[in-house]
There are 2 protein chains.
Amino acid sequence: MNPPLRERHAKSGKVPRLSGEELSAGLSELPGWTLVEGTRLTRGIKFKDFVALMQFVNRMADLAEAENHHPDFSVHYNQLDLTLWTHDAGGLTENDLVLAARIDALLSAG
Amino acid sequence: MNPPLRERHAKSGKVPRLSGEELSAGLSELPGWTLVEGTRLTRGIKFKDFVALMQFVNRMADLAEAENHHPDFSVHYNQLDLTLWTHDAGGLTENDLVLAARIDALLSAG
């Protein structure tokens, strides 16, 4: 049995797009995320204010660099909107699920 | 005569929406910015990589806090897209022009 997503790391090199079954299994560990058009994961997070948002964005940026996998994100004052997908694969890979779970863990730790 | 935009500060309280003439005058100092639908200013900036982008975003965030006026922005790895407008005014105010000019100055200093 695989370890939970939040304990895995993103893999380097070409990572295959997930099958529908693999995606469903992964999403069961990621209740905060929404699957969009079968190819992207999104999550919106509201913070107390802009400073609190930026503190989280910097922790997320460190995580993204460590995993060498980077979320797209947009900021509107205290609202952060995240989008995960793997450009090379044209959709979602295990790396996206791992990053989503690790972002959730950062939030819980915050 | 007013000082250049980059030497002004954002004003607090309710700031009026600019007239077309005021907007045109201001835009002449902001060649990197695009006026969208008469109500928003946008600028896209590409960085060497994600780390360089985040360094700039943090300097911009400090500026936004100091001016108490915050740009909307989105990040796609090394691509930063900025949008300025004043929610309360339903369009562009002098504060947006000042923030645009100060963001340009940060970029030049970087």
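**Chain A against chain B**

Biologist: How many residues does each chain bring to the contact?
Modeller: In this predicted model, chain A brings 16 residues to the contact and chain B brings 16 residues as well.

Biologist: And what area do chain B and chain A bury between them?
Modeller: Together they bury about 1500 Å², and carbon and sulfur atoms account for 67% of that area.

Biologist: Which three residues supply more of chain B's buried area than any other three?
Modeller: Those are Phe50(B), Phe73(B) and Val75(B), which supply 34% of the area that chain B buries against chain A.

Biologist: What is the make-up by class on the side of chain B that touches chain A?
Modeller: That side has 10 nonpolar residues, along with 4 polar and 2 charged ones.

Biologist: Switching topic, how many salt bridges are there between chain B and chain A?
Modeller: The count is 0 salt bridges between the two chains, although 5 residue pairs, both members at pLDDT 80 or more, are in polar contact between chain B and chain A.

Biologist: Back to strand 3, is its pairing between the chains parallel or antiparallel?
Modeller: Strand 3 of chain A, residues 72–76, pairs with strand 3 of chain B in the antiparallel sense, over 3 bridges.

Biologist: Which residue in strand 3 of chain B does Phe73(A) stand opposite?
Modeller: Phe73(A) stands opposite Val75(B), and Val75(B) is also one of the three residues supplying that 34% of chain B's buried area.

Technical notes. Residues numbered from 1 in each chain as written. Chains lettered and ligands numbered in written order. Predicted model: local features only at pLDDT ≥ 70, side-chain atom pairs only at ≥ 80, totals over all residues. Heavy atoms only, no water. Contact = heavy atoms within 4.5 Å. Buried area = accessible area lost by both parts, 1.4 Å probe. Salt bridge = Lys/Arg side-chain N within 4 Å of Asp/Glu carboxyl O. Polar contact = N/O pair within 3.5 Å; in protein donor to acceptor, adjacent residues only side chain to side chain. Nonpolar A, V, L, I, M, F, W, Y, C, P; charged D, E, K, R; others polar. Pairing = 2+ DSSP bridges. Helix = DSSP H or I, 4+ residues; strand = E, 2+ residues; numbered from the N terminus.
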